[in-house]
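Thanks for making the time, everyone. I would like to walk through the charged and aromatic side-chain contacts in this model, so please bring up the sequence and the structure.

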Amino acid sequence: PRSIYAQKNPARAPRLPVPAPMLALRKSLLSSRRLAASTRWPAMRSFSNMIEVIEDKKSGQAALRATGYAEKGTVLARERAAEVLKEPNKYTIQRDESTHLLFKGPIQFTNHSFKPNVTVEFDREDELMVSLVACKKVQPGDEVTFDYNTTESNMAEPFVDFVTGEKVQGFEKRA
């Protein structure tokens with residue numbers, strides 16, 4: 001319980017030391033709440049404190065990894081496409097039949113998974129803006145992945161998922 005002095009003078013109340021693990025947890029939770037609330041903010045908002053690009057030791061390729069906790073619905077990354085192509089290539093995300101977005105920032109390193117932890121959401125106001133939104137809880141250190149079959153109708157370079165052995169070729173060929 002707080003002392004009567006602290007209740008009358010909250011600015012002068014003595015502060016108790018907070019253990020370092022509690023400070024780290026508080027910082028992580030505040031970051032997640034701020035990001036969840038920021039989905040309504042303008043496109044210039046930076047989300048780089050939730051993700052980082054790492055080298056995937058299994059494949060030797062770059063991958064995207066979460067650096068903080070994220071609840072379902074939290075925006076982990078938001079990026080504007082650097083270029084628009086009429087035809088798909090290995091690195092594009094398809095917005096519609098003839099619009100394929102090419103990214104130069106961290107989103108380009110998002111790998112495929114049939115059990116993804118994010119979905120790709122396109123901005124309604126800016127056709128070049130894409131968000132990676134958590135579709136389930138994401139822990140720090142988790143690789144950030146989405147299902148390529150959800151955005152690509154026909155992939156430029158189909159491949160076989162090394163975890164499941166299933167073909168990743170786009171939603172038109174999967175049906």
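Let me start with Arg78 and Asp123, whose side chains meet in a salt bridge at 2.9 Å, N to O, where a salt bridge is a side-chain nitrogen of Lys or Arg within 4 Å of a carboxyl oxygen of Asp or Glu. The pair links distant parts of the chain, with Arg78 in strand β3 (residues 75-80) and Asp123 in the loop between β8 (118-122) and β9 (129-134), 45 residues apart. As for the element names, helices (H or I, at least four residues) and strands (E, at least two) are DSSP runs, numbered from the N terminus. Both partners are buried, Arg78 as well as Asp123; buried means under 20% relative accessible area, exposed over 50%, and partly exposed in between, with a 1.4 Å probe and protein chains only.

Before I go further, a word on the source: this is a predicted model, in which local features need pLDDT of at least 70 and side-chain atom pairs count only at pLDDT 80 or more, while totals for chains, interfaces and linings use all residues. Residues are numbered from 1 along each chain as its sequence is written, and side-chain values use heavy atoms, with hydrogens and water left out.

Glu52 counts as partly exposed because its relative accessibility is 31%, and Arg65 counts as partly exposed at 27%.

Staying with strand β3 for a moment, Val75 also lies there, and Val75 is buried, with a relative accessible area of 4%.

Let me turn to the aromatic side chains. The structure holds 2 aromatic pairs, where rings of Phe, Tyr and Trp (its six-membered ring) pair if their centres lie within 6.5 Å, and planes under 30 degrees apart count as stacked, over 60 as edge-to-face and the rest as tilted. For Phe146 and Tyr148 the ring centres are 5.0 Å apart and the planes are at 50°, so that pair is tilted. Tyr148 also pairs with Phe159, this time edge-to-face, at 6.0 Å centre to centre and with 80° between the planes. Because Tyr148 lies in the loop between β10 (145-146) and β11 (159-160) and Phe159 in strand β11, the pair ties together parts that are 11 residues apart in sequence.

Which residues do the ring pairs link into a cluster? They are Phe146, Tyr148 and Phe159. Phe146 is buried at a relative accessible area of 4%, and Tyr148 is buried at 17%, whereas Phe159 is partly exposed at 31%.

I will finish with two further positions for you to find on the screen. Gly170, found in the loop between β12 (167-168) and α3, counts as buried at 0% relative accessibility. Gly170 and Met155 are 15 residues apart in sequence and 5.4 Å apart in space, C-alpha to C-alpha. Leu102, in strand β6 (residues 99-102), counts as buried at 11% relative accessibility. The C-alpha atoms of Leu102 and Lys90 are separated by 9.5 Å, and these two residues are 12 residues apart along the chain.
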